[in-house]
Amino acid sequence: MRILLLALRRLAASLPTLLLILVGLFLLLQLAPGDTVDALVAQMGGGDPAMIEQLRSFYGLDAPVLVQLGRYLLRLVTLDLGFSAIYGKPVADVILERLPVTLLLMATALSFAFAAGMGLGVVAARRVNRWPDSLISTLGLVFYATPSFWFGMMGIVVFAVRLSWLPAGGFEEIGSGNEGLTRVLDIAWHLVLPVATLALTYLATYLRIMRASMLEVMTLDFVRTARAKGLGETAVVLRHVLRNALLPGVTLMGLQAGTMLGGSVVVESVFALPGLGRLAYESVVQRDVNTLLGIVFVSALLVIAINFIVDMLYAKLDPRIVTGS
Amino acid sequence: MGFLKRYARNPAAVIGLLLVLAVIAMAVSASWIFPRDPLSLAGRPLQWPLDNPRFWLGTDNTGRDIAAQIFHGARTSLLIGLVATVVAIGIGIVIGAVAGYYGGWVDDLLMRITEAFQTLPNFLLLLVLVAVFGSNITFVTVAIGIVSWPPSARLTRAEFLTLRNREFVQACRVLGMRDRQIIFREILPNALPPIIVYASVIMAVAILLESALAFLNLSDPNIPSWGNLIGAGKGVLRVHWYVSAIPGLVILLTVLGVSLVGQGLNDALNPRLKGR
């Protein structure tokens, strides 16, 4: 229970942060040249000034900035994200349509990066300064330095164009009428390249962190004790070292949640996936301020939620954190 | 000197330094080797590398010389990397130093702001900044700096927390020095080494961020940049993949070089940690 209490306190502490983000961004977006009505009118190919004024007052854009901000925050409490003039429906609907794709992409990429990074990190640490370690560490450095979108594009050239093993983009085969398991398999098929692309950079980071923390933990006294009492090397690594070495990696998972959301903007563009990142890019180009603010709000919530989960996990892995507070 | 010797004994660090020097050489020699505007029409579009001796890296889909763009792009990337890093480290040092030195409500407030920046996906914030202030190369560079400062602020704060109650700082206070002098003249030089090492990470990420922005056509189109070239190659990827492949490889090598130099510096500065 104390774990929950601790995590809840952290959660409450993130509320002012959220408010700060929203107010800051709202004011920042007021500086943007042109508003939604301008974009809308430009899309319609012009309109007379009277109608433009009418549109402004319809969307509440004629009120003073602070009044608009107050209205926006009040509506936000009821989870009303406003109306997207560009898409012609509530922002919440637009975002909810796109959210599952991004969540699926992120969750898969994160788990893959975490598992593979951990595994490779453990192997590298067990064979430190020998060829498996050098190979893995070099690979990690190269992965870290690769621009993810470029890796995705090269993946398309090799696996989609040359070998035609994988589809070049999209979330699923459109109009194929797939249902049930076939649909799941089809989506998984389409997500192989995007997930690999997004996971690459993070895999490299986890690998490095895991290797370093494994090496550190292996020098500690309790490991020597475990060896001295006759445990096999595998048992020492799995039961004693790994659990302690996992902590920095778990911390990093929370810290990187935001970066990963940013990375999915680019990856979704490369593979034409209808996700939140793609929506963010489109609303930047179309000056859809309401949608952009909504996306920022949702992604901040997402990051806070992931950090909440990480806190719980952390306390689970290391009970000292709870009793120590 | 021990430091240089330690650095030179690390083969990875030396390779990194060579890579960075090569990029610097490219940036410096760009105007001599390719005196023409790299964004002007040079020849028939989409010639493969080595097909035409005049264009040894080929031409892109609008007939511009790829080699010229790579050399001139080195300038852009280095400049963006350096300036964005200076901006990020500058903001980070000031905020982290003030928060760590004064503590209390100042610290609380500044850390809340830092947290707000870290909660926001940095690429998303970069998109918003570019949407508001435009794609001019100066704004893009400053914006990359603005989204990259929080980790350096945390690092500086942590260093200041351990240093602020040391005896030499107390001695400065007794001597009646002003806070500003104590922070920037006395404590900061002691806190600097880990921050300088971290600068290499920021620089690597800054180069990657700009290339991602350029790939989305949101960076300055009037500047020869590696990211712009990759973006240009997007449309002809299926057959003429080299247009995107070459600049991507150059970005990879540059970022790799910068990271290796950073790691080498770290190992040379903390010789006891080496091998970890």
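How much of residues 291–310 of chain A is helix, and how far apart are the end C-alpha atoms? That span is 100% helix and 0% strand, with its end C-alpha atoms 28 Å apart. Helices here are DSSP runs of H or I with at least four residues, strands are E runs with at least two, and both are numbered from the N terminus. This is a predicted model, where local features need pLDDT of at least 70 and side-chain atom pairs count only at pLDDT 80 or more, while totals for chains, interfaces and linings use all residues. Residues are numbered from 1 along each chain as its sequence is written, and chains are lettered from A and ligands numbered from 1 in the order in which they are written.

**Chain B overall**

**What the UniProt record marks**

- For chain B, an unreviewed UniProt entry puts "transmembrane region" on residues 12–34, 78–103, 123–147, 195–219 and 239–262; positions follow the numbering used here, feature names are shortened, and annotations may be inferred rather than shown by experiment.
- Of these, residues 78–103 of chain B are 96% helix and 0% strand, with end C-alpha atoms 36 Å apart.
- Residues 195–219 of chain B come out at 84% helix and 0% strand, and their end C-alpha atoms lie 28 Å apart.
- The unreviewed entry also gives chain B a "domain: ABC transmembrane type-1" over residues 74–262, a stretch that is 83% helix and 0% strand with end C-alpha atoms 19 Å apart.
- For chain A, the "transmembrane region" annotation (unreviewed entry) covers residues 103–123, 135–161, 187–209, 245–271 and 291–310.
- Residues 245–271 of chain A are 96% helix and 0% strand, and 35 Å separates their end C-alpha atoms.

- In chain B, helix 3 (residues 66–102) and helix 7 (residues 150–163) pack at about 35° with axes 7 Å apart; axes are lines fitted to C-alpha atoms over the stretch in contact, and angles run from 0 to 180 degrees between N-to-C directions.
- Residues making this contact include B:G92, B:G96 and B:G100 of helix 3 and B:R154, B:R157 and B:F160 of helix 7; contact means C-beta atoms, placed from the backbone, within 7 Å.
- In chain A, the axes of helix 5 (residues 91–126) and helix 10 (residues 233–270) come within 10 Å and cross at roughly 145°.
- Among the residues in that chain A contact are A:L105, A:F114 and A:R126 of helix 5 and A:G249 and A:M253 of helix 10.

**Where the two chains meet**

- The contact takes 35 residues from chain B and 43 residues from chain A.
- On the chain B side, helix 4 (104–119), helix 5 (122–133), helix 9 (179–215) and helix 11 (242–269) each supply at least two residues.
- Helix 11 of chain B gives the most to that side, with eight residues.

Conventions:
Contact = placed C-beta atoms within 7 Å.
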